[in-house]
Structure formats: structure tokens, C-alpha cells
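Q: How do the terms applied to a protein model follow from the values computed on it? Please set each value against its cut-off and conclude.

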Amino acid sequence: LQLDAARAKVSFSSENLLGHGGFADVYRGTYRFPTHAPVHAAFKLFKNSQILDAKLLELVQSEALVGSRLQHEHIVGMYGVLKLDAGLALVLELAEGGSLWATLRAAEPPWQQRIEWLLGVARGIAYLHGVRPTPIIHRDLKAANVLLGSAADGRSIAKVSDFGLAQTMQTIRTTISHAGGSSRAGTLAWKAPETFRGKYSDKSDIFGFAMIIYETVSRTAPF
């Protein structure tokens, strides 16, 4: 999973900033693979990651391990992890269209396009829940965590992103068994009722998808 920092070209400046997150900021850059020309990529730089505390390392490792298992048209791909002077960064597929939420706020997309985006999100979630040997539960589905990329034929397609809070179903079951509940992950207005008691499953992800449908139809945040 670890990439060669010498092959990365990125400036962590405001000009290259793509977005902010609770734990990390995302920047535009390029990465040169040994057998390919440089590819445009998104660099997810974890905040204060120059200080490698145990909690941060666990967060980065968890997202990297989940992301490395995934390969699907409607999932943002992950190339690997970089250790840079600025800190730890995940190198991800660059989705040029930005987030679904930002797009919905900026304009009123045609209904057919919105339906196609929602179908893409549904296919991405179905893929996560079908991963073997144990399904992956995203735990933080919302329009801000859906990015818009391009298909091979140039169509705008939706891709599920941000697996910082994702867990395997087996991990969730083990946590519930030993501690009575999983951690209270997710964003308040998008959380299924049972998750406030630490109960996560594929059904709680479906609740998050319903909130994405609401956002896509109404172009407003839930509640």
C-alpha cells in the first residue's frame, strides 16, 4: 500500500485545495507509476499527521485497508499511502466533477442526470455490501461523500467516497458482542435511528442512501 514519495507531485496550497474534511483536507496533484505516465490524483492529507499518534495511525490504516479491497466503477479508487514531509496522505482517484452536494447546490441538474447519479450510488453501495468474505458498511453516506467522475464514454457518474468510518460487518459484530455497540460514527442528520445506540448494519447504510435521495430531489440537506 505504501507509495514512493519521490513519484508524487503535489503542492498543499489553497490553489490545489479540493475540499475540507473533519480529519483531512484534499488536494489535487499527480503521481507517476513505474509503468505509466503521471496520472492526476487526489491527495487526502490528514491533519496534524506529522505527529504519528496511535489514533491517527489507526484511522489512516483502517481507511487504507478498506480502500485497497475495493475496485468498482462507482467507488472512488485508492492508489495507496504516502509519507510526506507535510504528513500522511492517501492517494486517491481524482473525481473531476467534485461532490454531488456541491453540484446540487450550484445548479439544478436535469432529472435524468440525477436519476443516473442515484443509480450509480445504489450500485456502489450494493457492491460494498456484497464484498466477500465480509461486507463493508460505509457508516457515513451523504451527498457530500459522493463524488462525480467520468465513465469511459464521457458520462458523468457518481462514485461513493470517504471510507474513513467504514468497517467490515465482522468488525461491527465483534464490537457489538464485546462492547454492546459500535462507535457512534456518521453525520447527525444522515444517521439511522438505531446508530445512535451504536447499531450499524447494511440497513443503516440504506437509510443514508435514502437521505441522499432526499438531497438529490430537494437540493437541500435533510432536517
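**Terms and their grounds**

Q: What makes strand S8 and strand S9 a pair?
A: In this predicted model, strand S8 (residues 146–150) and strand S9 (residues 156–160) run antiparallel and are joined by five bridges. Pairing requires at least two bridges, so S8 and S9 count as paired. Within this pairing, Gly149 is placed opposite Ile157 of S9. The hairpin has five residues between its strands, and Gly154 in that hairpin adopts a positive phi near 90 degrees.

Q: How many aromatic pairs does the whole structure contain?
A: The search finds three.

Q: Why is the pair of Phe12 and Tyr27 called edge-to-face?
A: The ring centres of Phe12 and Tyr27 are 5.0 Å apart, and their planes stand at 85 degrees. Centres within 6.5 Å make a pair, and planes over 60 degrees apart make it edge-to-face; the two values therefore give both parts of the name.

Q: Which parts does the pair of Phe12 and Tyr27 tie together?
A: Phe12 belongs to the loop between strand S1 (8–10) and strand S2 (17–20), and Tyr27 to strand S3 (residues 24–31), so the pair ties together parts 15 residues apart in sequence.

Q: How do you know whether Phe12 and Tyr27 are buried or partly exposed?
A: Buried means under 20% relative accessible area, and partly exposed lies between that value and 50%. Phe12 has 26% and is therefore partly exposed, whereas Tyr27 has 10% and is therefore buried.

Q: What makes Tyr31 and Phe33 an edge-to-face pair?
A: Their distance is 4.9 Å centre to centre, with 70 degrees between the planes. The distance is within 6.5 Å and the angle is over 60 degrees, so the term applies. Tyr31 counts as buried because its relative accessibility is 3%. Ring pairs also link Tyr31, Phe33 and Tyr79 into a cluster.

Q: Why does Arg114 count as buried?
A: Its relative accessibility is 2%, which is under 20%, so Arg114 is buried. Arg114 is located in helix H3 (residues 111–129). Setting aside neighbours within four places in sequence, its contacts are Leu104, Glu108, Pro109, Thr216, Val217 and Arg219.

Q: How do you know that Ile213 is partly exposed?
A: Ile213, in helix H5 (residues 202–218), has 32% relative accessibility; this lies between 20% and 50%, so Ile213 counts as partly exposed. Ile213 forms a nonpolar surface patch with Trp111 and Val217, and together they have about 280 Å² of accessible area.

Methods. Residues numbered from 1 in each chain as written. Predicted model: local features only at pLDDT ≥ 70, side-chain atom pairs only at ≥ 80, totals over all residues. Heavy atoms only, no water. Patch = residues over 30% accessible without salt bridge, like charges linked within 9 Å, V, L, I, M, F, W, Y side chains within 5 Å. Areas by Shrake-Rupley, 256 points an atom, 1.4 Å probe, with all protein chains shown as cover. Salt bridge = Lys/Arg side-chain N within 4 Å of Asp/Glu carboxyl O. Helix = DSSP H or I, 4+ residues; strand = E, 2+ residues; numbered from the N terminus. Buried < 20%, exposed > 50% of the residue type's maximum accessible area, 1.4 Å probe, protein only. Contact = heavy atoms within 4.5 Å. Phe/Tyr/Trp six-rings, centres within 6.5 Å; stacked < 30°, edge-to-face > 60°.
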